Amino acid sequence: AGKHRTNLKPIYKRTSQEACSKALNVLRTEKSVTKAVKEAMVSLETSSIVNAGTGSALNSDGAVQCDASIMDGQTMAFGAVGCMSGIPNPTQVTYEILCNCNKRHGLGLISPILLVGDGARDFAIRNGIQSISPESMISQKSLKKYYNIKEKVHSFTDITTSNENLTYSDGIQDTIGVICVDSFGHIAAAASSGGNQFKMPGRVGQSAIYGAGCWACRNSDDSGHCSVAATTSGVGEQIIRTNLAKQLCDKIQLRQDLHTALQETFMDTFLRSPTLACYERKLAGALSLMYYPSSKIGSLSWAYNTTDMIVGYQSTQDTKMHYRLSKHADAMITESPTIQGICFRM
């Protein structure tokens, strides 16, 4: 969710198609929704067209620092990195953390679910994940935007106010997210972002935070409850304060209706939240999925109050990806989100 240039629509569409294809290949060959989510995210992070991985937005020091997370709804395992540099595909690191987070160790040691900064980079290198120089992650596009914003910031006397205004005006809430579910109800979700343009060095956004950036939970009984997942995009601090991804999934389980859950969560948990009273505007987007393994019926929906939101989706039964560049009716009116979606059968 954010603000996307319409002339780049073919590139966004091709990038989304490549990510869907990667995920579907894993589903067919390895039958793992978590690995499928990882491969789709790595494809997106490698594209350099989104604000994640290489080519991400630069902080106020002109450096790339990435946040990402992944969650397995079957085991409730979670892995995340924050403020990490020099690793072009942060989701590969989150996947390794996830795979180790539920393991038991001697001497009472506990496996981490979140690693940040140099510790996250060192963990990645020890696990054979590709590392590059932090400078190699800077694209010409992000560098050009950095210098443009740096000039604007110098015209402000209050750095906090200037950062908030830039967040609202430059359409940089471009976190990427992926959800995958199989016919048995196994479900997983992930989020990845380079964060806000000109953010403070060391800042960690919602993509790295448990319950904020993504959430997934699989139905594990015969009660008729659904498997659910969500991934979020928008102003990270606002999404963290409202724990948006988990709150949305809890509401889906409660209401058993995706559209109603999205509407109530956006209005009551996000836009009207007393924890966000200090913000002039509140911006978010969310992709969510619910699926009933017993009936093989599910729904995929997205909600946002940013300028627009890009969504691509495909099942193993589809011959091609479905793509949407959805536009908000009026991006300046944030009293109600735009909500769209589809129903599907496995």
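View 1. Helix α3 covers residues 90–101, and its 12 residues should span 16 Å at 1.5 Å a residue; the end C-alpha atoms are 17 Å apart, which agrees. That expected span is 1.5 Å times one less than the number of residues. The helices and strands named here are DSSP runs, numbered from the N terminus (helices are H or I with at least four residues, strands are E with at least two). A quick word on the source: this is a predicted model, where local features need pLDDT of at least 70 and side-chain atom pairs count only at pLDDT 80 or more, while totals for chains, interfaces and linings use all residues. Residues are numbered from 1 along each chain as its sequence is written, and side-chain values use heavy atoms, with hydrogens and water left out.

Which residues of α3 are buried? They are P90, T91, V93, T94, Y95, I97, L98 and C101. Buried means under 20% relative accessible area, exposed means over 50%, and partly exposed is in between (1.4 Å probe, protein chains only). These buried residues pack against α2 (33–46), β1 (66–72), β2 (78–84), β3 (114–116), α4 (117–126) and β5.

**View 2. The mixed sheet.** Five strands line up here as an open sheet in the order β3-β2-β1-β5-β4, and the pairing is mixed. Two strands count as paired if DSSP finds at least two bridges between them. At the edges sit β3 and β4 (176–181), each pairing on one side only. From one strand to the next, the twist averages 5 degrees. Look at β1 and β2: they run antiparallel and are joined by 5 bridges. In that region, S69 stands opposite A80 in β2. Helix α2 lies across β1, β4 and β5, and runs at about 155 degrees to β4. Helix α4 packs on the sheet too, touching β2 and β3, with its direction at about 110 degrees to that of β3. For these angles, axes are lines fitted to C-alpha atoms (for helices, over the stretch in contact), and values run from 0 to 180 degrees between N-to-C directions.

View 3. You'll find T34 in helix α2. Is T34 buried or exposed? At 6% relative accessibility, T34 counts as buried. Leaving aside neighbours within four places in sequence, T34 is in contact with I70, D72, Y95, L98 and A188; contact means heavy atoms within 4.5 Å. With D72 there is also a polar contact, side chain to side chain, at 3.4 Å. A polar contact is a pair of N or O atoms within 3.5 Å; within protein, one must be able to donate a hydrogen and the other to accept it, and residues adjacent in sequence count only if both atoms are side-chain atoms. T34 and H186 are 152 residues apart in sequence, yet their C-alpha atoms are 8.8 Å apart in space.

**View 4. Two residues with positive phi.** Most residues other than glycine have a negative phi. S48, in the loop between α2 and β1, has a positive phi near 65 degrees. Its relative accessibility is 29%, so S48 counts as partly exposed. F198 is not a glycine either, and has a positive phi of about 65 degrees. F198 sits in the loop between β5 and β6 and is buried, with a relative accessible area of 11%.

**View 5. R203 in its loop.** R203 is in the loop between β5 (187–193) and β6. At 12% relative accessibility, R203 counts as buried. Which side chain does R203 join through a polar contact of 2.7 Å? The partner is E237. Beyond its neighbours within four places in sequence, R203 is in contact with residues including D67, C83, G195 and N196.

**View 6. The antiparallel sheet.** This open sheet has 5 strands in the order β6-β7-β8-β9-β12, with antiparallel pairing. β6 (214–217) and β12 stand at the edges with a single partner strand each, so one side of each is left without a neighbour in the sheet. The twist averages 10 degrees from one strand to the next. β7 (residues 227–234) pairs with β8 over 8 bridges, and A229 stands opposite L289 in β8. Helix α8 packs on the sheet, touching β6, β7 and β8, and its direction makes about 145 degrees with that of β7.
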